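Biologist: I would like to go through the labels attached to this model. Please give the criterion behind each one.

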Amino acid sequence: LSAQQEELLEALETGEDVLVLKPRQIGASTLVAYWFFWVWFTSPDPVTLVILSYKQKSSKHLLRMVRSFYDALPAELQRPLSVSSSTAMELEDSGAEVLAMGAKDDGGTRSFTAQGIWLSEFAFAPNGAELLASTEGSLAPGGQVVAESTANHWGDALHEAIQKTERGEARWRVLFFPWSDVPEYSVDRLEELSTEEEALRVAEGLTVGQVLWRRDKVSKIGDVLFRREYPLSIAEAYSQAAGSYFAEHILSALAAHDGSARGRCLLASPRPGHVYVAGFDPSGGVGLDDSALTVLDVTAGAVVATWRSNTHTFDDALSIVCDTVLRFNARLAIEYNNHGHGYFEAIRAGYTGAGVRLYTVEGKPPVTSPRSRALLWSGLRSAIETGAITEVDSVTLADLRMVAVDDVGRVVL
């Protein structure tokens, strides 16, 4: 086994749900196929294992990989099959079965209960959230989900699962394998590197042979596709493409604090003489969108405190926001639209938050509109480009990467 396959096997043996972001052709699918074969063949119970890919054609191919391990057994060890087809194989004695299905098949995963589900090329599932919900609903207690894929695009099903895990909202065991760890991805020749290639070699600790292999591959498939299919990091796998409002070279200048944890995160202490502002975008707190508070040190251009939660009461959120804002003596801007008016009026009426300074426009609370939002986005981009803002938290940075421009030039999320 390769080092990557050994690491993947160790993760599978824990019984945890495993999420794999991989480069092309490292044998991850072969290892998962072996794992499914081993679980299926050694189980004394009539377990059901499901291979689920976007297209059933791919699932059938993976089932053939599982079947190849069975066919490789000595004849005396090949227990009889009661079902053997392109979409299913079942052992006659135990009743254990492996099924190959496409995510677009009628009924999907709702038609059975499985002890193991393999989501292949998960990032390419057109309705990833729905597929994952169906998968969870079909998984038997103590069952295992294995999702593996190359990257597709920013915000794809795999990427969302990784981000939720980083925020503590999901319990995947995430594995990432950079192409640089694959010994075969190198060439045995010496050529002069360009300035950019040399900078990459030094920054990533690559060999000349690895950089030249990369050059060869990029010449065939292009830089954008290479970064997606052969990434050096999760961030590179989901780096931006055309249509992003904030170009990558702009965002790469920002330092990012860890903002994955929910609740309040204090990144710095108040500093005498510094000016602070805060923005609060409230939600209903009922498990859907986040309520989010960000406190910015205007003098230093850095985010110094954050709070986010999607499950909270009005009073709890109000208390946390006021306490955090007062800690930094920050002027507070609350988006008045929707849920914001309640928080704004509670503070203005003195219900709580004595001493909190509310931001107003000619005495009125700030209400966003398409025009004002366009101006806010433009101002934010200008502040980042000029260095007025130099540090943010990692969740905010991820959100900025998702901001795009539509066909008529409108900024959209």
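Biologist: Why is V275 called partly exposed?

Modeller: This is a predicted model, in which local features need pLDDT of at least 70, side-chain atom pairs count only at pLDDT 80 or more, and totals for chains, interfaces and linings use all residues. Residues are numbered from 1 along each chain as its sequence is written, and side-chain values use heavy atoms, with hydrogens and water left out. Buried means under 20% relative accessible area, exposed over 50%, and partly exposed in between (1.4 Å probe, protein chains only). V275 has 46% relative accessibility, so V275 counts as partly exposed. V275 sits in the loop between β10 (263-266) and β11 (276-281); such strands are DSSP runs of E, at least two residues, and helices are runs of H or I, at least four, numbered from the N terminus.

Biologist: What makes R189 and E191 a salt bridge?

Modeller: The term requires a side-chain nitrogen of Lys or Arg within 4 Å of a carboxyl oxygen of Asp or Glu. For R189 and E191 the N to O distance is 2.7 Å. By this rule the count comes to 17 salt bridges.

Biologist: Which parts does the salt bridge of R189 and D216 tie together?

Modeller: The side chains of R189 and D216 meet at 2.9 Å, N to O. R189 lies in the loop between β8 (173-176) and α6 (195-204), and D216 in helix α7 (residues 208-221), so the pair ties together parts 27 residues apart in sequence. R215 and E191 form another salt bridge, at 2.8 Å, N to O. R215 is in helix α7 and E191 in the loop between β8 and α6, so that pair links parts 24 residues apart in sequence. Salt bridges with shared partners join R189, E191, E197, R215 and D216 into one network.

Biologist: Why are α11 and α12 called oblique to each other?

Modeller: Angles under 35 degrees count as roughly parallel, over 145 as roughly antiparallel, 65 to 115 as roughly perpendicular, and the rest as oblique. The axes of α11 (residues 314-328) and α12 (residues 340-348) cross at roughly 60° and come within 11 Å. These axes are lines fitted to C-alpha atoms over the stretch in contact, with angles from 0 to 180 degrees between N-to-C directions. The two helices are therefore oblique.

Biologist: Is T352 buried or partly exposed?

Modeller: T352 is at 27% relative accessibility and therefore counts as partly exposed. T352 lies in the loop between α12 and β15 (357-358).
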